[in-house]
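Subject: Structure handover

Hi,

Here is the structure I promised to pass on. Have a look at it first, then read my notes below.

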Amino acid sequence: IIFFFREFPYSRLVFILIWINTVFLLTFTRYVLLKLEKTIYNRGIGLKRVAIVGSNEMAEKIYNKFSKEKYTGFKVIGYFSKGTGDENDTAGKTYLGNYESIPEKINEFNIQVIIISLTVNEHEDMYLILKLCEGINIEFMLVPDFIEVMTSKLKVEEVNGIPFMKIKSLPMNVWNKMVKRTFDIIFSFVFLLLSSPLIIILIILVKVTSRGPLFYSQERVGLDGKKFNIIKLRSMKIDAESMGPKFVSVDDDRYTSIGKFLRKYSLDELPQFFNVLKGDMSVVGPRPERPFFVDQFKETIPGYLERHRVKTGITGWAQVN
């Protein structure tokens, strides 16, 4: 602001005072915001719903601490253990189930964070837990052993005096989601507006060259494994999948006369920008696949379901390469 008021020569002292005041005001503002945050949390507003995995002494300590001190920002829903929950003193604690029930309970109780507190002998169970929760949008935090804290390069986060090792984070925070969604809406709207003459021409060509509907709707798997219908310009004959789903081949005879041209230049994908406007997809992201093939790939490709932790897109890493 001072830069624009050239008619008055400000003293260097002004800038020194600004520097001092900035340090004070930033410190004061941080203090007020932290107090406000704790006040909100103490009233039960904005708490993250947390479940604890483990039934050892540390797990019990975390359960009791977070249940009592809400200002940490966590609301403990219950705990999971390898057994039935009867092997330890569980008075006043909610047993949610064994490891196999974790994915089901995440959806049932809308759990946002899983805190893993396992003994050294149980560390191999962590891989099972991560495998069971593959593709589910949830944070995992590990309570590390002392040796793990010293030797690991993973991010360590402290919550109310307890160190947690963050082994799996959400792919996008709220701000990133807002920016990406804003970009998707603006880009898709402008793109559809500019490409509307081309889309109209393609619609006429599809109608003239083959009988059947202009558009083709197909079920795909998107964010969090939820299914939605993708929109495409029809490039194949109406009975193309009478024998069931199968991948497109080089000499596929299921194309219409204009269909092969549409597929070659991905012009049949243009209506998917309506999916982006609707919120089912993003402009950039992994391509959505059909449930039939997802069920096959998840058994043979390690980590395949992790792609469902973000919105599927029209173009992505695979398409660019």
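The protein's secondary structure amounts to 10 helices and 11 strands, taken as DSSP runs numbered from the N terminus, with helices being H or I of at least four residues and strands E of at least two. Please keep in mind that this is a predicted model, where local features need pLDDT of at least 70, side-chain atom pairs count only at pLDDT 80 or more, and totals for chains, interfaces and linings use all residues. Residues are numbered from 1 along each chain as its sequence is written, and side-chain values use heavy atoms, with hydrogens and water left out.

Some overall numbers to start with. The protein has 321 residues, and 36% of them count as buried (buried is under 20% relative accessible area, exposed over 50%, partly exposed in between, with a 1.4 Å probe and protein chains only). Its accessible surface is about 20200 Å², with 62% belonging to carbon and sulfur atoms (Shrake-Rupley method, 1.4 Å probe; for residues, only the protein chains shown count as cover). If you take contacts between residues at least 6 apart in sequence, 65% of them join residues at least 24 apart (contact means heavy atoms within 4.5 Å).

Next, the charged pairs. There are 13 salt bridges in the structure, each being a side-chain nitrogen of Lys or Arg within 4 Å of a carboxyl oxygen of Asp or Glu. One of them joins Lys82 and Asp125, with the closest N and O atoms 3.4 Å apart. This pair links distant parts of the chain: Lys82 sits in the loop between β2 (74-80) and β3 (95-97), while Asp125 is in helix α4, 43 residues apart. Lys82 is exposed at 52% relative accessible area, whereas Asp125 is buried at 7%. Leaving out residues up to four places away in sequence, Asp125 touches Lys82, Tyr99 and Leu118.

Another salt bridge pairs Glu134 with Lys131, at 3.2 Å between the closest N and O atoms. Here Glu134 is buried at 13% relative accessibility, and Lys131 is partly exposed at 47%. There is also a network: salt bridges with shared partners join Lys232, Arg263, Asp268, Glu269 and Arg287.

Now the aromatic side chains. The structure has 12 aromatic pairs (rings of Phe, Tyr and Trp, the last by its six-membered ring, with centres within 6.5 Å; planes under 30 degrees apart are stacked, over 60 edge-to-face, the rest tilted). The ring centres of Phe292 and Phe293 are 5.2 Å apart and the planes are at 80 degrees, so this pair is edge-to-face. Phe292 is partly exposed at 40% relative accessible area, but Phe293 is buried at 4%. Elsewhere, Phe183, Phe187, Phe191 and Phe273 make up one aromatic cluster.

Phe293 also belongs to helix α9 (residues 291-300), whose buried residues are Pro291, Phe293, Val294 and Phe297. These cover an arc of only 150 degrees around the axis, which puts them on the same side of α9 (the arc is that of the directions from the helix axis to the C-beta atoms). Their cover includes β8 (215-221) and β9 (227-233). Glu299 and Thr300, on the other side of α9, are exposed.

Finally, the surface. Trp19, in helix α1 (residues 12-42), is exposed at 60% relative accessibility.

Cheers
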